[in-house]
Amino acid sequence: MVKLISLVLGFMIILSAGAFANDTEIAAKFSGKNLSGNGVDMNINADGTFTGKVGKNLDQDFAGTWEIKNGQWCRTISTPDRFKGSACQDLTFNGDGTVTIDGRRGPAKYALK
């Protein structure tokens, strides 16, 4: 009985370890991709920068830097001045080609291509 419990616990540990990605693995899911939806169209570059457009008509340019830190999407917007600032936000990969990022207005779902 003890061997069976040990075997089951060991198997559960292996399964749960595979469910958690490290920051490098998460960053690879964003690097070189486009994030779009909810009034955002952003190109996420492999060099840690991003550029894009925001707004109802996607008529406002913005740019900055990004990284994954402790499993969170961390970004610093450098332009325009009215959007400047840094934040780290929780994220969830939804398994359907989308990601949900919990921003300052709450969670929002984006296509990641």
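At 45% relative accessibility, K109 counts as partly exposed, a class that lies between buried (under 20% relative accessible area) and exposed (over 50%), as computed with a 1.4 Å probe and protein chains only. The model is predicted, so that local features need pLDDT of at least 70 and side-chain atom pairs count only at pLDDT 80 or more, whereas totals for chains, interfaces and linings use all residues. Residues are numbered from 1 along each chain as its sequence is written, and side-chain values use heavy atoms, with hydrogens and water left out.

K109 takes part in a salt bridge with D96, in which the closest N and O atoms are 3.4 Å apart; the term denotes a side-chain nitrogen of Lys or Arg within 4 Å of a carboxyl oxygen of Asp or Glu. This pair links distant parts of the chain, since D96 belongs to the loop between β7 (91-93) and β8 while K109 belongs to strand β9, 13 residues apart. D96 is likewise partly exposed, with a relative accessible area of 47%. Side chains of opposite charge can pair when their charged atoms come close. The structure holds 4 salt bridges, among them the pair of K84 and D81, whose closest N and O atoms are 3.0 Å apart. K84 is exposed, at 51% relative accessible area, and D81 is exposed, at 59%. Another salt bridge joins K69 to E67 with a closest N to O distance of 3.6 Å; here K69 is partly exposed at 38%, and E67 is partly exposed at 41%.

With regard to the overall architecture, the chain has 2 helices and 9 strands, these being DSSP runs numbered from the N terminus (helices H or I, at least four residues; strands E, at least two). From the N terminus on, the elements follow the order α-α-β-β-β-β-β-β-β-β-β. Of the 113 residues of the chain, 27% count as buried.

The search of the whole structure for aromatic pairs returned 5, a pair being rings of Phe, Tyr and Trp (its six-membered ring) with centres within 6.5 Å, and with planes under 30 degrees apart classed as stacked, over 60 as edge-to-face and the rest as tilted. The rings of F30 and W66 have centres 6.2 Å apart and planes at 50°, so this pair is tilted. It connects distant parts of the chain, with F30 in helix α2 (residues 23-30) and W66 in strand β4 (residues 60-69), 36 residues apart. F30 is buried, with a relative accessible area of 0%, and W66 is buried at 10%. F30 also forms a tilted pair with W73, at 5.0 Å centre to centre and 35° between the planes; W73 lies in strand β5 (residues 72-79), 43 residues from F30. Ring pairs link F30, W66, W73 and F93 into a cluster.

When residues up to four places away in sequence are not counted, W73 touches several residues, including F30, M42, I44, W66 and I101, contact being defined as heavy atoms within 4.5 Å.
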